[in-house]
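Dear colleague,

Please find below the structure that I am handing over to you.

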Amino acid sequence: MLTSTDVLRIRGNIASILQASSSISPVQAAGILPIKDLQGKLYEAHILATIIQNLTTLEGCTIKLVSSGTLTLKQKGSPINRTYPYFEVYRNRALIGEIFTDTEFLSLSFSLRRAKTITTSDYHELDIVTFSPGLNGRPRHEDVLLAVECKATSVEKSTFREVLGFRRELALLQSTPQKTSFNTWPINLITANPPSVHMFYSIDRPILKYKDNAFIYGILVIHETM
Amino acid sequence: MTNEQAGAILTELIEELEANGFGEVVRQVRIRLEEAFGDDGDILEISNRQQLKFYLSESIQILDSMSVSHLSEIIGLLNEFTQTEQPINEIRVALINEQYYNLSELPDYTAIITVLRNIQSELSNE
């Protein structure tokens, strides 16, 4: 049973450590970039490392880093930019895909409306994406092999609705599972056409309550902590 | 630990987080609280003890996810599973103003996390 002295000591410990840490608080650390964005970039780097590890150990791929040294993530998405480091994915010495971060793709709705000009509503940014090899600019939705979104902050129900909308711009629901570009990891069959794999990683455990619904649409929801 | 004692510690935690620049942590915990208990409409009925334990565990995880302490492990993993002539030695973010933010400049919240974990441990049997 806690005594009143214990409560005072615990409160004092909380106050002391937080006051002593105020100079490195999120408000101070953020600078020109909000702390939740920095938190997101750190998590994105963690997920990128996890994906590369899994493609290597579970899928049997070889990953080569191109333009190495400093890995550069982007605050804002862009078309493919090969001046920044990216990754080549090989299976049995054949190049099967290229991994980029914070990169845009042309949406399914853009393809269906057959527009001649591209507006901001026609493309979306993926945190981590594997495209078919050799592409430039904003690849089409059919060129997406693996689409990955990372969420480092707390998950709300609206987050899941956003994920569903994203999936809609990548592929249509296909009742018969289609073969993906992968044999084992992340998955070999998916209920989507084209058969891109859409993964949503969240640091927040409650995302798992949406897992079964997401899978219906070919979205793999994964709770991953750092 | 009585409900009143838990309430006093919880209030201290929230007020000190807010007062010292950690309001983002409180904001994220509140969203998680709503997600965890909001479905049944009984968010207002959870005890101070439950709320305190929730705030402690979630604050620890949120601070951990903002902390630089994982960076070397991430870089190590990237280098372990990629073939390259020049290993990755740092990770930076290209900002929209054409400047860069090196993730090694992120704060290290290990000291706060240690204190909160000690309190969590002390209260676990209460």
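**The interface of chain B and chain A**

Between them, chain B and chain A bury about 5700 Å², of which 66% lies on carbon and sulfur atoms; buried area is the accessible area (1.4 Å probe) that two parts lose on being put together, summed over both. This is a predicted model, in which local features need pLDDT of at least 70, side-chain atom pairs count only at pLDDT 80 or more, and totals for chains, interfaces and linings use all residues. Residues are numbered from 1 along each chain as its sequence is written, chains are lettered from A and ligands numbered from 1 in the order in which they are written, and side-chain values use heavy atoms, with hydrogens and water left out.

The model has an ipTM of 0.90 and a pTM of 0.91. For chain B the average pLDDT (the predictor's confidence in each residue, from 0 to 100) is 91, and 95% of its residues score at least 70.

In chain B, 62 residues are in contact (heavy atoms within 4.5 Å) with 65 residues of chain A. There are 4 salt bridges between the two chains, a salt bridge being a side-chain nitrogen of Lys or Arg within 4 Å of a carboxyl oxygen of Asp or Glu. Arg32(B) and Asp204(A) form a salt bridge, with their closest N and O atoms 3.6 Å apart.

Yours sincerely
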